[in-house]
Amino acid sequence: MVTSPSVPRLVVAAPSSGSGKTTVATGLMAALAARGLAVSPHKVGPDYIDPGYHALATGRVGRNLDAYLCGAELVAPLFLHGARGCDIAVVEGVMGLYDGAAGEGELASTAHVAKSLRAPVVLVVDASSQSRSVAALVHGFVSWDPEVRVGGVILNKVGSDRHEALLREALESAGVPVLGVLRRAAPVETPSRHLGLVPVAERGAEAVDAVAAMAALVSDGCDLEALVALARAAGPLPGGSAPWTPGPLPTHRPTRSDKKFPLRVAVAGGSAFTFSYAEHSELLAAAGAEVVTFDPLRDEELPEGTRGLVIGGGFPEVYAAELSANEPLRKAVAELALSGAPVAAECAGLLYLCRELDGLPMCGVLDASARMSERLTLGYRDAVAVTDSALAVAGTRMRGHEFHRTVVEPGAGAAPAWGMRAPERRVEGFVERGVHASYLHTHWASEPGVARRFVERCRTS
């Protein structure tokens with residue numbers, strides 16, 4: 001069998017959500033980085049928030065590994081892309097170890113990604129309400145799938161020395177080494193709201209302090225040498241996997257005029273728009289664009305020479321008043337969109353382009369209103385482009401993810417963006433002039449032509 005170069009790596013998983021994966025994974029990343037290791041941070045699934053904490057812990061971009069959005073065949077290449085030049089990689093899992101896309105078996109589960117990477121798993125167990133039963137729990141997870149290698153356990157929320165002794169004694173009989181014991185510690189708790197943890201960009205120094213507390217907790221309670229040794233025992237990746245690349249250099253040769261007036265794509269950032277995949281900007285740059293970030297909360301105009309606009313996800317509902325108050329930028333966005341320039345908006349971007357959000361004026365590009373809702377819309381989607389747009393030709397099939405507590409009325413324009421094939425059939429989103437706006441989060445690495453088409457439309461519009 002052809003093999004790929006070895007990258008020391010391990011996966012931090014758990015029996016269920018809420019067990020402490022993020023605390024352990026982020027703390028481990030920061031603790032290893034503090035020891036001088038170049039740590040590559042990764043997150044299983046479509047989560048945008050945890051990678052922000054990972055980036056703060058390591059000083060490197062947090063990257064997602066999602067076998068549903070990108071396809072199982074891209075898991076290893078995307079991993080290698082992120083891990084270039086690193087000494088070790090830490091992958092934080094999602095939900096419970098064996099929980100994947102609904103109705104799709106193991107697809108997109110932490111176990112699926114661990115097997116795709118041939119990476120050993122460290123199981124984080126919330127031991128707060130058990131003692132000897134921990135052995136039965138761990139035994140079940142270890143034996144469920146022989147292809148998943150659980151290399152050790154980290155016990156979280158341990159109450160006392162006596163509690164620790166009981167847990168260790170029980171796990172000796174299970175034959176799984178204990179690689180760490182963490183006591184209950186309030187300083188590492190991070191605030192949450194309706195869609196999960198509060199993003200790093202909104203917390204500033206508090207986030208730095210939280211990551212430092214996680215690092216101290218893991219350093220004090222875990223055997224870092226044993227964890228590094230486990231990661232180094234991962235061996236080579238299977239199948240001759242090569243690192244993913246954003247694509248070939250653009251065929252368009254820059255002219256003197258291009259250098260003076262680059263093809264500039266503005267990407268929304270700041271506290272209100274924190275949801276983005278690093279590969280999107282990399283794909284835009286590979287297609288010939290100069291990617292410039294702007295903050296809709298603070299900047300009163302778009303970057304000079306903007307030819308296209310990308311507005312990803314985030315929390316505009318939390319900052320609706322501030323976004324609405326920035327009237328000069330709202331007008332600039334509307335003027336760009338009405339000119340026919342390409343605009344790609346996902347979820348938060350969709351809300352920002354609406355006429356209003358919770359009664360407050362937004363950009364007014366779309367004749368639709370948005371409001372907060374009690375209902376959480378969450379899950380993977382199998383979609384097909386319904387209308388030709390700046391992103392895709394009609395018929396292009398992509399997989400995506402919805403994650404919001406808002407409602408847009410109407411839910412689709414005269415020319416919808418997507419037709420949902422699963423789990424339910426419906427049309428959604430808006431295609432108007434150069435605008436493509438939708439609730440659906442997609443990962444462009446699965447369909448690189450999306451970025452190339454967008455940049456070409458920027459060039460010709």
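How many bridges join β20 to strand β21 (residues 426–428), and in which direction do the two strands run? In this predicted model, three bridges join β20 to β21, and the two strands run antiparallel; strands are taken as DSSP runs of E of at least two residues, and helices as runs of H or I of at least four residues, both numbered from the N terminus. Because the model is predicted, local features need pLDDT of at least 70 and side-chain atom pairs count only at pLDDT 80 or more, whereas totals for chains, interfaces and linings use all residues. Residues are numbered from 1 along each chain as its sequence is written, and side-chain values use heavy atoms, with hydrogens and water left out.

Strands β20 and β21 form a hairpin in which three residues lie between them, and within this pair tryptophan 418 stands opposite glutamate 428 in β21. Tryptophan 418 in β20 is also the bridge partner of alanine 385. The strand β18 (residues 369–385) is joined to β20 (residues 418–422) by four bridges, in an antiparallel arrangement; two strands are said to pair if DSSP finds at least two bridges between them.

An open sheet is formed by six strands in the order β13-β12-β14-β15-β23-β22, with mixed pairing. Its edge strands, each of which pairs on one side only, are β13 (290–294) and β22 (430–432). Neighbouring strands of this sheet are turned against each other by 15 degrees on average, direction ignored. Within the sheet, β14 (residues 306–311) and β15 (residues 343–346) run parallel and are joined by three bridges, and leucine 309 stands opposite valine 343 in β15.

Two helices lie across strands of this sheet. Helix α12 (residues 278–286) lies across β12 (264–268), β13 and β14, and runs at about 140 degrees to β13, while helix α14 (residues 327–338) lies across β13, β14, β15 and β23 (435–438), at about 110 degrees to β14. Axes are lines fitted to C-alpha atoms, for helices over the stretch in contact, and angles run from 0 to 180 degrees between N-to-C directions; contact means heavy atoms within 4.5 Å.

A helix pair is formed by α6 (residues 133–144) and α7 (residues 161–174), the axes of which come within 8 Å and cross at roughly 40 degrees. In this contact, Val134, Ala135 and Val138 of α6 meet Leu167, Ala170, Leu171, Ser173 and Ala174 of α7. The residues of the contact divide into seven nonpolar, one polar and no charged, where Ala, Val, Leu, Ile, Met, Phe, Trp, Tyr, Cys and Pro count as nonpolar, Asp, Glu, Lys and Arg as charged, and the others, Gly among them, as polar.
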